[in-house]
Amino acid sequence: MELFQVRYFLALAKTLNFTRAAEACNVSQPALTRAIQKLEEELGGSLIYRERSLTQLTELGRAMMPLLETAYGAAEAATKQAAAFKRREFSPLRLGLGMTISAQILRPALRELEDRVKGFELSIAEGGSADLCAKMLDGDLDAVVIVEPEKLPERLNRWPLFEDRYVVLCAAEHRLAALAEIPVAELGDESVLMRASRGCDFEQALDRLCTDAGVKPKTRHTGSSDDHIQEMVRAGLGIATSAGHQPVAADLVTRPIADAAARRRLILAAVAGRQHGPALALFLKLMRARDWTALSGAPSGASRS
């Protein structure tokens, strides 16, 4: 069926008068009648019947009306949104951010986007690297900032941002806070808090480092967010692994793990060959042009607050 046929039918259903419906649609009455008849043929039954001077919807017409109203409304909305996109009245940006990456690293780029892109609309999804890449390939995200996985899908363009050191998060009075760096062997005597989220690179890195060092930390407690973990550290439930760029509360400290392999690389990724809207194009440009030197690992023994 054609969209104009639906529009003519809805006008007729509202006015119940062929002449007034034709005027409302700015067409001749014969043209409107033919369109309604064509629609009836396609739907397999009469939509309108005339009883002397009275025009009424048939049972089929009443059943079809809400469905056709919904279809016509959706088509109109799509048309308006497409026109708005061409005029750049809004510019959405759907970002994916690794669950162990602080959104603070996005702040300078987001501030410029707000100032420079008309109709900027941001949404941020959090997850593991594999899940976020899958969503981006499915078209649900425009770009992601993630911990570089061992294997990235070939369809993605990637741009390295900075390297980040894995650190131990503990209370300022904890014995490990007195060390400049934490040997992996020291973790075998500690209760290490774990994150419950699937795909968390902190836990994957800890398992790899401890396996190589032949130690097995105690793992009793879990939290589902960084805020949970920090409060549990404050409560004395254990220590936790974190990353050098992550912000921590003033009464907690971080110490780098003394292992050359205790590092990760953060990357920016987007699907190769896809068209970039204004917000995405500028975001990629700003993130790639930024000087990330200050975030490339904290100096030995440094604490971050």
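Helices α2 and α3 are roughly perpendicular to each other in this predicted model. Two packed helices are described by the angle between their axes and the distance between the axes. Here the axes of α2 (residues 18-25) and α3 (residues 29-43) cross at roughly 100°. They come within 9 Å. Angles from 65 to 115 degrees count as roughly perpendicular, so the label applies to this pair.

The contact draws on both helices. From α2 come F18, T19, A21, A22 and C25. From α3 come Q29, L32 and T33. By class, the contact has five nonpolar and three polar residues. No charged residue takes part in the contact of α2 with α3.

Two loop residues have a positive phi. L16 is in the loop between α1 (3-15) and α2. N26 is in the loop between α2 and α3. L16 is not a glycine, and N26 is also a residue other than glycine. L16 is partly exposed, whereas N26 is exposed.

| Residue | Phi | Relative accessible area |
|---|---|---|
| L16 | about 55° | 30% |
| N26 | near 60° | 70% |

The strands come next. β1 (residues 48-51) and β2 pair in the antiparallel sense. Four bridges join β1 and β2. I48 stands opposite L57 in β2.

In a regular strand the side chains alternate between the two faces of the sheet. Which residues of β2 lie on the covered face, and which on the uncovered one? In β2 (residues 54-57), T55 and L57 form the covered face. L54 and Q56 form the uncovered face.

Methods:
Residues are numbered from 1 along each chain as its sequence is written. This is a predicted model: local features need pLDDT of at least 70, side-chain atom pairs count only at pLDDT 80 or more; totals for chains, interfaces and linings use all residues. Side-chain values use heavy atoms; hydrogens and water are left out. Buried means under 20% relative accessible area, exposed over 50%, partly exposed in between (1.4 Å probe, protein chains only). Two strands pair if DSSP finds at least two bridges between them. Axes are lines fitted to C-alpha atoms, for helices over the stretch in contact, and angles run from 0 to 180 degrees between N-to-C directions. Angles under 35 degrees count as roughly parallel, over 145 as roughly antiparallel, 65 to 115 as roughly perpendicular and the rest as oblique. Contact means heavy atoms within 4.5 Å. Ala, Val, Leu, Ile, Met, Phe, Trp, Tyr, Cys and Pro count as nonpolar, Asp, Glu, Lys and Arg as charged, and the others, Gly among them, as polar.
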